[in-house]
Amino acid sequence: MSSARKTVPWLIVAAAIIVAVPVLAYLFAIVVNWRDDPPNTEARELASTPVPPPIEDAENAYVYLLGFAAPLASDPVEEGTRRADRLRKIASGATVPALPADRGSAFDLAHIPPALEALLGPCGTADAGCVSALDAAVAALPEQVQQQRPLIARYLALLRYRQWQEIANTDGSEPPPPYLEVRYARQLFLFDTWLLAAAGDAGEVRARLEADLGFWRRVLVDTDSLLGKAVAAGFSGAQFEWGNLLLRRLPPERRADGVPDGWRKAQTAAERSMRRALTHEWRLLTASLEQFKAKGSSGTAPVTRSRPWTERFNNALSLPLLQPQASANRYAAVFLKLDALFSVPYAELPAALARAPETDTADSGIVARTYNFIGDAIAEPDPAALADYGARVADLEGARRAALVTADLRALTIPAELAGAMVPLAAVRDPYTGGPFGWTPQPAAVTFTGLTRGRTYTFLY
């Protein structure tokens, strides 16, 4: 009995310690997080960046793209305008009704005609396997493409736009832009252009390549998001590889006539710049964190007492440890350092991007780690991933040059066995190394290895 009496006080002390330690730790965190930081120099610089003036919906390619997947009986412009209005209402804080589960679509990507589906896999990359698949399908392809003519017409209509301005999607429950449908329509457009090349129509091939590249290079300049930058870079890079296949398909005497002027124009500073996209992403992040601090949610629905008590209790404990401005300051500093790295000359870019992880220099002390604990947990910069966006865009210059070398050598009707020896003599060089582009004899092709992880562009000769 006496032993039990002696044990009880120790159990009480142990329980008190178990309770007191997390309470004291939380109180310490509350004291450390007593107030948010003021805006730093980098945050003030990004916040003062002028916002481009709005573009009329009827002139905005992005609005047309929002409606791109509308049923064939519908007008993509009208559908895109409705979606644009919806996104603007959400951004203003207005409550909008939920979208219907099945809104209909002109693109039934789950039931692509077998003849086309047999091409989409091999032609995911414009390589020798794609050429073989196209040659095997040449008899059935015209009829299959003709059946898809309305979707090709939509893509051609998109290319006729001359302005692009994205409308921010501030609610994660809203569907993303229909880029998959655009990609499919663009693949149909390329198949159709391949048939034109097979028929020897160099003028139409050149006009289509010019329109396609011109549009996506314009998006590279005008996009406000990292997603838009990545999509435009992806479409532009694929155009060089696919354009090479189209020029290769032309009769030898017409190949020079098919090369578009855009292939001879170097990437501009505005196309390569990541500043506009980084600024826009910073603004969205800042607004999202401020909203989360105020409401305990990043969504647009108003906070109500009907929310689960566990969620409200968790918010009451965690939100004092979130400092939106501190997170905004950290991101602003990282973004501007990355922007400086992205802006160096091509020859310095490989070494510059290797230093990307160094752009986030957060303190590691216990007070620093406790301050803005929740902000660091939900929104920590990833400079290496962000650097990959800049690499994708910068790689386009090397892809353009390599495609041009391939097209020019082939237009001179130089045999493949001699072309490999001519590549090192070409005046056009690898933008990163200053040396010649690569060459593979089997299959004969010019190659360019970019800075994007694992990305090598291959241009069949």
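**Close-up views: helix packing, rings and backbone**

**View 1. Helix H8 and helix H10 are oblique to each other.** Angles under 35 degrees count as roughly parallel, over 145 as roughly antiparallel, 65 to 115 as roughly perpendicular and the rest as oblique. The model is predicted, with local features needing pLDDT of at least 70 and side-chain atom pairs pLDDT 80 or more, while totals for chains, interfaces and linings use all residues. Residues are numbered from 1 along each chain as its sequence is written, and side-chain values use heavy atoms, without hydrogens or water. H8 covers residues 149-159, and its axis lies 9 Å from that of H10 at an angle of about 60° (axes are fitted to C-alpha atoms over the stretch in contact, with angles from 0 to 180 degrees between N-to-C directions). Helices (H or I, at least four residues) and strands (E, at least two) are DSSP runs numbered from the N terminus. From H8, Tyr155, Leu156, Leu158 and Leu159 make the contact (heavy atoms within 4.5 Å); their partners in H10 are Arg208, Ala211, Asp212, Phe215 and Trp216.

**View 2. Helix H9 packs against helix H10.** H9 spans residues 179-198 and H10 spans residues 202-222. Their axes are 9 Å apart, and the angle between them is about 155°. That angle makes H9 roughly antiparallel to H10. On the H9 side of the contact are Val182, Arg186, Phe189, Asp192, Thr193, Leu196 and Ala197. On the H10 side are Glu204, Val205, Arg208, Asp212 and Trp216.

**View 3. Helix H10 also crosses helix H11, which runs over residues 226-249.** The axes of H10 and H11 come within 8 Å and cross at roughly 160°. H10 is therefore roughly antiparallel to H11. The H10 residues in this contact are Val205, Leu209, Glu210, Asp212, Leu213, Trp216, Arg217, Val219 and Leu220. They meet Gly228, Lys229, Val231, Ala232, Ala233, Phe235, Ser236, Gln239, Phe240, Gly243, Leu246 and Leu247 of H11.

**View 4. Tyr346, Tyr432, Phe437, Phe448, Tyr457 and Phe459 form a cluster linked by ring pairs.** Rings of Phe, Tyr and Trp (its six-membered ring) pair if their centres lie within 6.5 Å. The count comes to 17 aromatic pairs.

**View 5. The charged end of Arg272 sits over the ring of Tyr346, and Arg455 lies over the face of Tyr457.** A charge sits over a ring if NZ of Lys or CZ of Arg is within 6 Å of the ring centre and within 35 degrees of the ring normal. For Arg272, the distance to the centre of the Tyr346 ring is 4.4 Å. For Arg455, the distance to the ring centre of Tyr457 is 3.9 Å.

**View 6. The peptide bond from Gln442 to Pro443 is cis.** Omega of this bond is near -5°. Pro443 is in the loop that runs between strand S1 (438-441) and strand S2 (444-449). Most peptide bonds are trans, and most residues other than glycine have a negative phi.

**View 7. Asn372 has a positive phi, although it is not a glycine.** The value is near 55°. Asn372 is found in the loop between helix H17 (366-370) and helix H18 (373-378).

How values were computed. Phe/Tyr/Trp six-rings, centres within 6.5 Å; stacked < 30°, edge-to-face > 60°.
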